[in-house]
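Reader: Please take one part of this model and go through it closely. I want backbone, packing and contacts, with every cut-off spelled out. Keep it brisk.

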Amino acid sequence: MNHIVPFYIVLPLAAAFLISILGRFIKGFSKVTAGFIFFTLLCLSFFYIFSGDHSTIVYNIGGWEPVNNIPIGIYLILDPFSGFMLCIINTMAFLSALYAVSYISLYTGENYFYTLLCIMVAGLNGVVVTGDLFNLYVFLEITVIASYALVAFGTEKEELEASFKYQVLGGIATTLILFSIGMIYWYTKTLNIPDIAGILNKSPDEKIVQFCQLMLIAGFGLKAAIMPFHGWLPDAHSSAPSSISAMLSGVVIKAAGLYVIFRLFFNMFQLTYEISILITAIGTLSMVVGVFLAIGQWDLKRLLAYHSISQMGYVIIGVGMGMMILANNGNKAFASLAIMGGLFHLINHAVFKGLLFLNAGAIEYRLGTRDLNKMGGLFEKMPVTSATSLTASMAISGIPPFNGFFSKLVIIIAAVLAKYYILAALAVFVSIITLASFMKFQRYAFFNRKSIKKAVNEVKDVPFLMKFSMIVLAVLCLALSLILIPGIRDTILQPAVDVLMGKNDYYINLLNM
Amino acid sequence: MNSVTSHIEIIILLPLITGILLFLIPDKLKLFKGISSILISAVALFFAFQTYFTEVFNGQINLFELRFLSLPDNDSLLSAVTAFTMLNIDSLARLIVLLICFFSFLILIYSIVYSNKERALKNYCSFILLTLGASVLTVFADSFLLFIFCWGFLGLTLYKLIKGYDEESSAAAKKTFIIIGASDGIMILGIAIIWKITGLYNMSEISIGTSDAIRITAFLALLIGSFTKAGAFPFHTWIPDYTKYAPASSSAYLPASLDKLLGIYFMFRICSEIFVVNQGLKLAILILGVLTIIIAVMMALVQHNYKRLLGYHAVSQVGYMIVGLGLGTVLGIAGGLFHMFNHAMYKAGLFLVAGNVEKNTGKEELDELGGLSKFMPVTYIAALIFALSISGIPPFNGFASKWMIYQGIIDFGKQPGLASNLWIIWLALAVIGSALTLASFIKFISGIFLGRIPDNTKIKEVNPAMWLPVIVLALVCLVAGVFAGKLVVPQLFGPVLGEISYTGIWDSSAIALLILFSVILGILVYLIGNLNKFRKDDSFIGGEVNRDQTGYEVTDFYKTIAEAPGFKHLYNMAEKKWFDIYDLSKGVVLKISHLFSAAHNGILSNLAFWVLAGLIFMFIFLLL
């Protein structure tokens, strides 16, 4: 079974090359290929999750076997946490590719679009499955370079500016990451993550390791856009084509940012209480400040972008609380609950935020504006968009029976159980403001008929494939609630939580293979 | 499995499933949807009756032990969920469920004819049925998680039952949902704390004191939830806005009846069963209760829009229930619960009356209306009964329950403690509130039904489907009032509270007879005495001074109050939303938002500076 691992990277990469070569000769080739490849990847990801076998799969690139238990080649490691991320990445990629089939007619150069999308997905899948620190950096760069190009895809003044800011700040992040990878390599003499974990575990906690940890938090924090490293996100996410915004907000900041932070700090470094506090603190900061920034926005996609910062805060405080409890040797059950809440919110956020950006794209597709003040009365004109966006808004605001309710519930209960009352209260408070700002979105976009112009009266709902993607995501917003049912949770969520909870088991298992 | 529990799942499942199925049927088949949902609610009502009157089963049962939901023996997928799906069935819950089904049935009958082009809702019947099913589940829920799940969902249906057709109505819908959603969020906090303290999540197993700060926080968090749902001060501000812009049937259904039932029912649960309330909290609840009564009724006095006026009364009456429940004595609780029952009856009736008037005239302001009593006699008589009920005039039901609350307050005064020593204040304010209610309903009745007709339009009585529910409700008001003491209250609340003993002599039926007798006597005196020699006097204009040359519009009633030196300022501030918790917090949040936005000017060097600052801060934190 370990031969499926490289396909996550090879397939989209191959598709990218094929599309850029053949796409210009064969009409519709890019759409079909991209859709097909993403669907295959989707099936592969679910195949691993539902195979019932939650063991870790290792693939040695080039067949380089370890010598004396010391790995010398690059490992690709597929474990339940990676599998969990792969499901999110490839589902969202598939749906945004479908959505883009009609949507991309707003832009020119659809071959480039699909090429870049495929490269981005290849990079993301690579980040998630790789077991090598430098390899991770390479895949990260592949992802973000594709995203730079995609953010600038409209090539208008605004898009180029956003992309430029993104590149400069991304460059800073890259420097920080590369620098600390170098330091770690110098300190441990290896780049293999399990191997590094083994060496760090034996040596006592040193300043140099802490230094690297901080650099990595800043670097990947920039990719994950957590406060105060979020400066690029509102511009980039709102300027990109909407199907890409859905990918950026729904997937990229998670897979290229949060996933790496969680993976490295749980499984590679030794958990320390100080670092846990630091991570939770910046998570709280993002959560609170992000939502305040969001509620004042009138640009729909900017509003959504700021909410991404805030919602990432929820994920981080969930997992961060788990870190603090584990580092304190507290109650494991509470830690597991908190981490589960965080990861559950992560997958939920991918779905509802992806959907919200697709909704914003649908409105932009018909009205050509992102300004809430220029919308209105779309409730009757665009029923599917309206219904799905209500679903997503309810989900992000934590209204039952949608998925966001459950993940927030788990996070809040975990916070109270672990006696982090202030975090629980803040989570509730932010949730209320989130609700308020999404009621604003609903009100100004879909009701409020007076601000409607004559042009709006002739608006129709969007083409079928755009509707289809939105409906699938809306159904997922409901269906993901079921993940909490213990039988399903043990298949999807709990194995991923166990990987993080297991901390050192990661390297112990891998090195003794 | 005994017969009673096997009815419960029908009441729960049937409306929910049909509600979802009806989404699939296009709105063009409105009549079909309406009739099928009436049938469904009739079935639910029938089984609710059976459940209520055959007292076989009381206690806890799991949702998944019910007939249609029972799991296979070794179902591992769902077996762990069952820990969170306990139901608690007792006589109060069954009563509330019966009422919920009753109102759903009436409202659905009413809505089959009632419609308002501008405010017509999509999937109206679906949402009514979903509300029905979710409310029943909320009432029966024993597990806090099941409870908050359904309770939160009701906020969503409330939002879907109002339509944002212009600026104001969409703002009202938004405000409603934000306030309701906020309270639900706060409740989650309370539930989590209870879970933390006790390790339990089934309400029937929990009994905790309110001794330390953390327990009080949990209690207050849950109390906020019930206050917001029921619409008590200071979380009431969504109700007047909602009732003004929502279709009358939605207003009659949710804010007037179901939300009151659920909110007060939950308040009963937390105050009497889950928590042991201490003296300080009791005092706070009583203060909030009387404030609700007085503030809302003062606002109601000066309203010009009759639906908004009713909305303020829907708030004011909650105060009585809260005072009753806050007393904590058997009589007080019985009074509070009985008032909840009565209020649901007459206030739903009043909103339906308002709907009738609106349907026939298309007008919403009191000063555009008048003289409808000739054209709509059935509606008029029903409205009169409701108005007398809500104002606490014997022999109608509003009097009976208010009287019980007054008795409860006097009784409460015998206990030691600060809250008890102040009993005379609670009593005085409650009575004043009742008097002001009467005053404002004089305005309502005379503004709509009496006086001159503004123009010579031809108005007919509404369709039977619209006056029938109103008449049914009016009859309930009368019957519940006349037979309150001996029959209705012991039957409804005896099983919950045990023997209810009144202080003083009170027999509602005897009073009803006396009143009937005095009315007949009065008529006799009138007929015998001076059939032709009646006295001429100026028309009654709400107690205002009748000046020469001034015609008093109904809307000018109580203008003297609104323009009295102290009050004028307060009313002006209320008009500018100075006291609205929603607008206050909105202002604060937006201020903070602008503050943060100002820092985000998008200049690249600033962004890079933040990254650096963050990094340095982390170093300082960790390495020093």
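Author: Start with burial. A residue is buried if 20 or more other C-beta atoms lie within 10 Å of its own, exposed if 12 or fewer, and partly exposed in between; the C-beta atoms are placed from the backbone. The model is predicted, so local features need pLDDT of at least 70 and side-chain atom pairs count only at pLDDT 80 or more, while totals for chains, interfaces and linings use all residues. Residues are numbered from 1 along each chain as its sequence is written, and chains are lettered from A and ligands numbered from 1 in the order in which they are written.

Now the loops of chain A. A:Thr155 sits in the loop between helix H5 (133–151) and helix H6 (157–188) of chain A. Helices here are DSSP runs (H or I, at least four residues), numbered from the N terminus. A:Thr155 counts as exposed, because it has 11 C-beta neighbours inside 10 Å. Its phi is near 50°, positive in a residue other than glycine. A:Asn329 also has a positive phi, about 55°, and is not a glycine. It lies in the loop between helix H12 (300–327) and helix H13 (332–367) of chain A. With 9 other C-beta atoms within 10 Å, A:Asn329 is exposed. Most residues other than glycine have a negative phi, and most peptide bonds are trans.

Two cis bonds come next. In chain A, the peptide bond from A:Met227 to A:Pro228 is cis, with omega near 0°. A:Pro228 belongs to the loop between helix H8 (207–224) and helix H9 (233–239) of chain A. In chain B, a cis peptide bond joins B:Phe233 and B:Pro234, with omega about 0°. B:Pro234 falls in the loop between helix H8 (213–230) and helix H9 (238–245) of chain B.

Next, helix packing in chain B. Two packed helices are described by the angle between their axes and the distance between the axes. Axes are lines fitted to C-alpha atoms, for helices over the stretch in contact, and angles run from 0 to 180 degrees between N-to-C directions. Take H5 (residues 124–140) and H6 (residues 144–160) of chain B: their axes come within 9 Å and cross at roughly 155°. H5(B) and H6(B) are therefore roughly antiparallel. The scale is this: under 35 degrees is roughly parallel, over 145 roughly antiparallel, 65 to 115 roughly perpendicular, and the rest oblique. The crossing of H5(B) and H6(B) is left-handed. That label means the near helix is turned anticlockwise from the far one by less than a right angle; right-handed means clockwise.

Residues in contact have C-beta atoms, placed from the backbone, within 7 Å. On H5(B), the residues making this contact include B:Phe127, B:Leu130 and B:Ala134. On H6(B), they include B:Phe147, B:Trp151 and B:Leu154. The contact of H5(B) with H6(B) divides into nine nonpolar, four polar and one charged residue. Ala, Val, Leu, Ile, Met, Phe, Trp, Tyr, Cys and Pro count as nonpolar, Asp, Glu, Lys and Arg as charged, and the others, Gly among them, as polar.

A second pair follows. Helix H14 (residues 377–390) and helix H17 (residues 423–448) of chain B have axes that come within 9 Å and cross at roughly 165°. That makes H14(B) roughly antiparallel to H17(B). Their crossing is right-handed. H14(B) contributes B:Ala383, B:Leu384, B:Ala387 and B:Ile390, and H17(B) contributes B:Thr437, B:Phe441, B:Phe444 and B:Ile445. By class, this contact has seven nonpolar, one polar and no charged residues.

One buried glycine deserves a stop. B:Gly335 is in helix H13 (residues 330–361) of chain B. With 32 C-beta neighbours inside 10 Å, B:Gly335 counts as buried. Apart from neighbours within four places in sequence, B:Gly335 is in contact with B:Gly324, B:Ser401, B:Met404, B:Ile405 and B:Gly408.

Last, the chain interface. Here 51 residues of chain B are in contact with 52 residues of chain A. Elements of chain B giving two or more residues to that side include H6, helix H7 (167–198) and helix H24 (604–623). H7(B) has the largest share, 16 residues. The side of chain B that touches chain A divides into 34 nonpolar, 13 polar and four charged residues.

Notes: Two residues are in contact if their C-beta atoms, placed from the backbone, lie within 7 Å.
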